[in-house]
Amino acid sequence: MRVLLINGSPRNEGNTFLALSEVAKTLNEEGVETVIVGIGKKAVQGCIACGMCGRTGRCTFNDDLYGKIFSIIKDGMDGLIVGSPVYYGGPNGSVCALMDRICYSLNGYLKFKPAASVAVCRRGGASATFDRLNKYFTILNMPVVSSQYWNMVYGQTPGQAALDEEGMQTMR
């Protein structure tokens with residue numbers, strides 16, 4: 001079994017990465033292989049509704065980030081977890097742009113695969129972020145994996161998420 005975790009933060013090892021790493025650690029302990037892919041700091045192209053992926057099976061924009069995720073999903077992914085920091089009460093726009101492209105072009109590979117979202121925030125906006133990310137999954141008939149609470153972690157400064165005991169327990 002293999003689960004892809006997308007770190008929707010431009011900070012490759014920030015608080016979103018810490019939260020996703022806690023999830024990955026728990027999955028690995030249960031014998032599930034995990035791959036964490038960060039979106040990085042490059043601009044992420046959004047979907048332009050050109051329909052090319054419907055004809056070719058692949059997004060018309062062939063950037064490295066999309067290509068890497070495309071390969072992981074097509075090569076056999078059994079689950080998806082998407083994490084994002086909260087920006088102005090919602091998920092990072094770059095991760096939404098990427099998810100628009102992934103979900104539209106790879107919907108046949110994603111249907112019925114379990115999925116979960118993770119929101120990391122300083123104070124507020126986690127539930128709106130959680131809700132927005134989960135909409136990608138519900139539209140594609142992907143069962144949303146729940147936990148003991150909403151999948152959110154609090155932390156603003158680097159490493160602060162690790163101090164949120166309840167949030168990290170929810171990640172586990």
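Rings of Phe, Tyr and Trp (for Trp, the six-membered ring) are paired if their centres lie within 6.5 Å; planes under 30 degrees apart are stacked, over 60 edge-to-face, and the rest tilted. By that rule there are 2 aromatic pairs. This is a predicted model, where local features need pLDDT of at least 70 and side-chain atom pairs count only at pLDDT 80 or more, while totals for chains, interfaces and linings use all residues. Residues are numbered from 1 along each chain as its sequence is written, and side-chain values use heavy atoms, leaving out hydrogens and water.

Tyr66 and Phe70 make a tilted pair, 5.7 Å centre to centre with 35° between the planes. They sit 4 residues apart in helix H3, so about one helical turn separates them. Helices here are DSSP runs of H or I, at least four residues, numbered from the N terminus. For burial, under 20% relative accessible area is buried, over 50% exposed, and in between partly exposed, with a 1.4 Å probe and protein chains only. Tyr66 is buried at 0%, and Phe70 is buried at 9%.

The rings of Tyr149 and Trp150 are also tilted, with centres 5.6 Å apart and planes at 40°. Tyr149 is partly exposed at 46%, as is Trp150 at 44%.

Now the packing. H3 (residues 64–74) and H4 (residues 93–105) pack at about 40°, axes 11 Å apart; the axes are lines fitted to C-alpha atoms over the stretch in contact, and angles run from 0 to 180 degrees between N-to-C directions. In contact, meaning heavy atoms within 4.5 Å, are Leu65, Tyr66, Ile69 and Ile73 of H3 with Leu98, Arg101, Ile102 and Ser105 of H4.

Definitions and conventions:
Helix = DSSP H or I, 4+ residues; strand = E, 2+ residues; numbered from the N terminus.
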